Amino acid sequence: MGSLLGFYLCERAEVWLLDPWREHVAAIQAAGLSCELDGVATTRRPRATTDPAAIGPCDALLVLVKAQQTAWAAEQARLLNAERGTRNAEQLSAFIVQRSALVVTLQNGVGNRELLAEALGAARVGQGVTALGATLLGPGRVRHAGQGTTVFGTSPDRAGMAALADLFSACGLPAELSDDLDSLVWGKLVVNVGINALTALLRVPNGALAATPEARALVAAAVAEAVAVAHARGTALPYADPLAHVLDVARATAANRSSMLQDALRGSPTEIATINRAVVREGQRLGVETPVNRALAELVAALDATIGQRVS
């Protein structure tokens, strides 16, 4: 996702991609960033580095690290900001947009904004969700695998968030604002709950979930539990028919490999703790049973725990 957004945003703004993957950064520095859409590859040249000191002061920072990296990245960003203005930290995928030091998370799951706000101050941290899909093809190469709107909350700086939305739109990425951040985040969480764990376990792209009756039944069960938890906590979802919406997203991103599937395929830890497991935790707090999400969370946790023992 970091590469995909960097590819588009660099057309209208000075963009830096910060990534510890040296081969990826070296490929972008040498030949640009290639993005494939509908089988056609185009190359653009955002700036890229593994060294946060090379970037200098930022106007806005988009955070797209995995959930398990958020606390560490936030602390590094806090220390760097205190020392020399708005700086990024290693493993903090970020882009410099236009000088308010606004930090915006577009990560999956729940809890990332709170961690960032604790380290950096709530007055500087905003949040959004995106329906875009991306698949990393290799160093310097990404596929735009799913279309969709990016929605930014209006807190903590409505003008700054509006400027980000305008930039996205100007670069061909539909974007808008929403005053209801809780609805926004849980609306995306329900989508992730229905898609991510199942694609990782079944080893299928998103579209297979909507096309296969057996998989659709599991999607429906996981989504129904997440919706029940959302209602119990008083959160209104941003769509009338949650299951239909999740299946529509799966179809719209049919060729995309979900972020959790990509993690599983390359043997990296998943974000299950902030997605299906988050629904289980909130369900426990509110007295809502979530057996399907609990089973999915346990299965993916076991998948994470046996990375070194997988057969090829």
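Predicted model: local features only at pLDDT ≥ 70, side-chain atom pairs only at ≥ 80, totals over all residues.
Q: OK, what's the strand order in the open sheet?
A: The open sheet has five strands in the order S5-S6-S7-S10-S11, with mixed pairing; strands (E, at least two residues) and helices (H or I, at least four) are DSSP runs numbered from the N terminus, and two strands pair if DSSP finds at least two bridges between them.

Q: And which strands stand at the edges?
A: Strand S5 (60-63) and strand S11 (175-178) do, each with a single partner strand, so one side of each is left without a neighbour in the sheet.

Q: How do S7 and S10 pair?
A: S7 (residues 125-130) and S10 (residues 150-153) pair in the antiparallel sense over three bridges, and the bridge partner of threonine 130 in S10 is threonine 150.

Q: Switching to helices, which strands does H6 lie across?
A: H6 lies across S7, S10 and S11, running at about 40 degrees to S7, where angles run from 0 to 180 degrees between N-to-C directions and axes are lines fitted to C-alpha atoms, for helices over the stretch in contact.

Q: How does H6 pack with H11?
A: H6 (residues 181-202) and H11 (residues 276-286) pack at an angle of about 120 degrees with their axes 9 Å apart, and the two are therefore oblique to each other, given that angles under 35 degrees count as roughly parallel, over 145 as roughly antiparallel, 65 to 115 as roughly perpendicular and the rest as oblique.

Q: Which residues make that contact?
A: Trp186, Leu189, Val193 and Ala197 of H6 meet Asn276, Val279 and Glu282 of H11, contact meaning heavy atoms within 4.5 Å.

Q: What about the largest cavity, what volume does it have?
A: Its volume is about 30 Å³, counted as the space filled by probe spheres set on grid points joined across faces, edges and corners; a cavity is a set of points on a 1 Å grid over the protein atoms alone where a 1.4 Å probe fits but cannot get out, and lining residues have an atom within 4 Å of a point.

Q: Which helix gives the most to the lining?
A: H6 does, with four residues, and the lining includes Val185, Lys188, Leu189 and Asn192.

Conventions
Residues numbered from 1 in each chain as written. Heavy atoms only, no water. 1 Å grid on protein atoms, 1.4 Å probe; cavity = no way out; pocket = protein on both sides within 12 Å on 5 of 7 lines; lining within 4 Å.
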